[in-house]
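Colleague: I have a few minutes before my next run starts, and I'd like to go through this one with you. Could you put it on the screen and then take my questions one by one?
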Amino acid sequence: MKLLLPLALAALATFVLPAAAAEIRVVQPVPFSESAIIAEAIKSECSIGATLAQSLASNASRHGNAIVSGPVGADSGSGRSLKLELVEAQSAGNAFAGHFKSAAVRGVLFEDGHQVATVTARRISRGGAFAGFKGSCTVLDRTVNAIGEDLAGWLAAPVDNARLGDL
């Protein structure tokens, strides 16, 4: 019995309750950069900014973060915020000739209004399985879904000047 008590205490010491998720503010949907060269058809017909924000939010929870909508940047107040902008989206090809789509984002992570790290992420897709049955916006959604996963992992341990995905 005397031997079991220290073992039980050691087991309890290694048990850690999950901490509350760290909130990171992001503008939702992720906006297009003013300087981006993106076809108007992509901007008006596809919802890649909303898809990116949703992907980031759903993947961030696996890394102990919670994405919330709110102000971002140097004037965003206390806490963490991630200023993201879609800087590139390309929609070449089609379901018959073959897709070639890509998207890229740039981001700046702020802590209490001070810049902590920057990130650039880019993904390319040819449409994946059954690409011939997918529309252009659906394939672009694949690229930003992957970017959302990349950014969620990066937010768990941000490194300045990070280049993610297909860069």
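This is a predicted model: local features need pLDDT of at least 70, side-chain atom pairs count only at pLDDT 80 or more; totals for chains, interfaces and linings use all residues.

Colleague: Fine. Which residues of H4 are buried, then?
Modeller: By that cut-off, the buried residues of H4 are Val139, Leu140, Thr143, Val144, Ala146, Ile147, Gly148, Asp150, Leu151, Ala152, Trp154 and Leu155.

Colleague: And how many residues has H4, and how far does it reach?
Modeller: H4 has 21 residues, and from its first C-alpha to its last it reaches 31 Å, which is close to the 30 Å expected at 1.5 Å a residue.

Colleague: Which element gives the most to the largest nonpolar core?
Modeller: That core has 32 residues, and the ones with the most contacts inside it are Ile48, Leu52, Leu56, Leu82, Leu151, Trp154 and Leu155. Two or more residues each come from strand S1 (22-26), helix H3 (48-60), S3, S4, S5, H4 and strand S6 (162-165), and H4 gives the most, with seven residues. As background, nonpolar side chains tend to be buried together in soluble globular proteins.

Colleague: Take leucine 56 as an example. What does it touch?
Modeller: Leaving aside residues up to four places away in sequence, leucine 56 touches Val26, Ile67, Leu82, Leu84, Gly148, Leu151, Ala152 and Leu155.

Colleague: Switching topic: how many disulfides does a search of the whole structure find?
Modeller: The search finds one, formed by cysteine 46 and cysteine 137, whose sulfur atoms are 1.9 Å apart. The pair links distant parts of the chain, since cysteine 46 is in the loop between H2 and H3 while cysteine 137 is in helix H4, 91 residues apart. The link is left-handed, with -75 degrees about the S-S bond.

Colleague: Is cysteine 46 buried or exposed, and what about cysteine 137?
Modeller: Cysteine 46 counts as buried because its relative accessibility is 11%, whereas cysteine 137, with a relative accessible area of 24%, is partly exposed. In that loop between H2 and H3 you also find serine 47, which is partly exposed at 42%; its C-alpha atom is separated by 7.9 Å from that of aspartate 141, 94 residues apart along the chain.

Colleague: Now charges. How many salt bridges does the count come to?
Modeller: The count comes to four, and I will go through some of them. As a general point, side chains of opposite charge can pair when their charged atoms come close. Arginine 123 forms a salt bridge with aspartate 150, and their closest N and O atoms are 2.8 Å apart. This pair links distant parts of the chain, with arginine 123 in strand S5 (residues 114-125) and aspartate 150 in helix H4 (residues 136-156), 27 residues apart.

Colleague: Why does aspartate 150 count as buried?
Modeller: Aspartate 150 counts as buried because its relative accessibility is 17%, and a value under 20% is what the word requires.

Colleague: Where does the salt bridge of glutamate 40 and lysine 43 lie?
Modeller: Both residues lie in helix H2 (residues 40-45), three residues apart, about one turn of the helix, and their side chains meet with an N to O distance of 3.7 Å. Glutamate 40 counts as exposed, at 55% relative accessibility, while lysine 43 counts as partly exposed, at 29%.

Colleague: Last thing, the backbone. Which peptide bond is cis?
Modeller: The bond from glutamine 28 to proline 29 is cis, with omega near 0 degrees, and proline 29 lies in the loop between S1 and H2.

Colleague: And which residues other than glycine have a positive phi?
Modeller: Among them are aspartate 112, with a phi of about 55 degrees, and asparagine 161, with a phi near 60 degrees.

Technical notes: Residues are numbered from 1 along each chain as its sequence is written. Side-chain values use heavy atoms; hydrogens and water are left out. Helices (H or I, at least four residues) and strands (E, at least two) are DSSP runs, numbered from the N terminus. Buried means under 20% relative accessible area, exposed over 50%, partly exposed in between (1.4 Å probe, protein chains only). A nonpolar core is a set of buried Ala, Val, Leu, Ile, Met, Phe, Trp, Tyr and Cys residues joined through side-chain atoms within 4.5 Å. Contact means heavy atoms within 4.5 Å. The expected span of a helix is 1.5 Å times one less than its number of residues. A disulfide is a pair of cysteine sulfur atoms within 2.5 Å.
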